[in-house]
Amino acid sequence: MAAPTTHNLAVDGRRLWETIHETATFGGTPKGGVRRLTLTDEDRQVRDWFRSACEALGCTVTIDDMGNMFARRSGRRDDVAPIAFGSHLDTQPTGGKFDGVLGVLAGLEVLRTLHDAGYETSAPLELVNWTNEEGSRFAPAMLASGVFAGAIAKETALAQTDREGATFGAELDRIGYRGEEPCGVRAFSSFFELHIEQGPILEDEDKMIGVVEAVQGIRWYELTLVGQDAHSGATPMRLRRDALVGAARVVAAVDRIGRARPDCVGTVGLMEVKPNSRNVSPGEVFLTVDFRSPDDAKVAAMESDLIAAVAEITSDLGLEGAPVRIWDQPATIFDAECVAAVEAAAKAFGQGSRRMVSGAGHDAAYVARVAPTAMIFVPCKGGISHNEAESSTLEQCAAGAQVLLDAVLRYDRKFG
Ligand SMILES: [Zn+2]
C-alpha cells in the first residue's frame, strides 16, 4: 500500500464530548467539576476505564514504574519510535472536566477515528496518560514526566508523601499501577499535547487554536523586609522604618519591571505583614515575586532590575532585606518541526489560530527535554481553570482533537 500523503479523516466531536462526560463521573463533584487526585481510588477507576478503552481498539497498554500509561497502536514500521501524544487524567481537588483530560481523551478519539477508518500510519502511535501532573497530592507538579525526562530522581519521586503520610510508591502499589518498565527507557519520535489554554488570550482574540511554540521560563523569589514596629500615633513620619511602605514600593516596582519589556510578566501574589495591627507602623513584611518570560535573558534582566529596585527602596526607607531566588525553571522552546506540523494542521482546519507561549507548566515541557515536542491549545471560557467552573465547548474540544489528528498524520509523513 502506498503511503498516504493526504487524508480526509474527521474526528467525531460528539463521541469525544460524551467520553469527556463519561469519565467525569470518576470523582465527579455536585458542582459539575472533578475531584480525582492522583493515585486515589477515583484515579484507579479512570485508569481501568482508559486501559479497556484503548485495548478495545487493539492497542497494547504498558505501564511504567511511575504509573505512566502508554497505549501503543502499531504502524507499518516497527523500526521507528512512536509518535506519542497525551496529557493527564488526574485533577485538582476542585478541578474541572477538561484540564489534562481533554488531551488524553482527544488522543483516544484520534485512535478511534483511525481505527474506524482502518487507517495505518507509518510510525507506531502511543497515547500517554502521565501520572501526577497536578502535584496537589504529591509535590511537585509534573512529577512522573519529570522522572521520564530525567529531571527528577525516581527515588525522590517515589518517596514523596501526601498530607496523611502515604508515599507515592505505596499508593502506586495500592491501586495496582506500579508497572514493570523502568520509567524513561521509552523513546518517542515526537510528542504532541493538546490542552485547554487556561488563560484568556484565544477567547479574547476569537481564535480557535493556539500553536504553542514555547513554555515560559520562571523564577521565584522570597523577600523579607525588616524595619521597626512603631506606634502609629506617637512616631513622627520622619522617624519611621515602615516595612509595608517598602513592600508597597516593591509591588509597584515588580509591576513596572513586568511592563517594561515585551513578553514579560511580574507578580507579587503573597504578602504577610507583621504585626498586622491597625495602630502599628509595620516592622516586617514577607512577600514573594514571580517573574516569567519565554526569553531567559529577559527573566535575568528582570532579576537585575528587582535587585536594584529593592536596594534603592531599602536604602531610602532605612529597611533591611534582599530578594532570594528560590526557583529557576528555564524556558522550554518546542521543536520547530513539531510546531510546524501543528501550525499546518491549524491552518488547514481554518478557524483562526495564532502562535503563543504557554504561561503554565505542562508535561510537554519535560518531555521536550528528551523528544521533539509541541503543544496545541484550545480556548476555555473566561480563561478559568483549576476550578469546577472550567468550561470549553464541544466545538472547541473537537477542533483541538481534529488538529491533533492532523498534526500527528502530517508528522507521520516523514516516516514514509
Ligand atoms: Zn493540565
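Figure 1. Arg72 is partly exposed, at 26% relative accessibility (buried means under 20% relative accessible area, exposed over 50%, partly exposed in between, with a 1.4 Å probe and protein chains only). Glu126, at 0% relative accessibility, counts as buried. The two side chains meet in a salt bridge, 3.0 Å from N to O (a side-chain nitrogen of Lys or Arg within 4 Å of a carboxyl oxygen of Asp or Glu). Arg72 belongs to strand β2 (residues 69-73) and Glu126 to strand β4 (residues 125-129), so the pair ties together parts that are 54 residues apart in sequence. Helices (H or I, at least four residues) and strands (E, at least two) are DSSP runs, numbered from the N terminus. The model is predicted: local features need pLDDT of at least 70, side-chain atom pairs count only at pLDDT 80 or more, and totals for chains, interfaces and linings use all residues. Residues are numbered from 1 along each chain as its sequence is written, and side-chain values use heavy atoms, with hydrogens and water left out.

**Figure 2. The salt bridge between Glu213 and Arg355**. The closest N and O atoms of this pair are 2.8 Å apart. Glu213 lies in strand β6 (residues 209-215) and Arg355 in strand β15 (residues 353-358), so the contact ties together parts that are 142 residues apart in sequence. Glu213 is partly exposed at 28% relative accessibility, and Arg355 is partly exposed with a relative accessible area of 36%.

**Figure 3. The salt bridge between Asp305 and Arg261**. Here the closest N and O atoms are 2.8 Å apart. Asp305 is in helix α9 (residues 296-317) and Arg261 in the loop between α8 (243-260) and β9 (265-267), so the pair ties together parts that are 44 residues apart in sequence. Asp305 is partly exposed at 28% relative accessibility; Arg261 is partly exposed at 23%.

**Figure 4. A network of salt bridges**. The linked residues are Asp41, Arg44, Arg137, Asp162, Glu171 and Arg174. The count for the model comes to 31 salt bridges.
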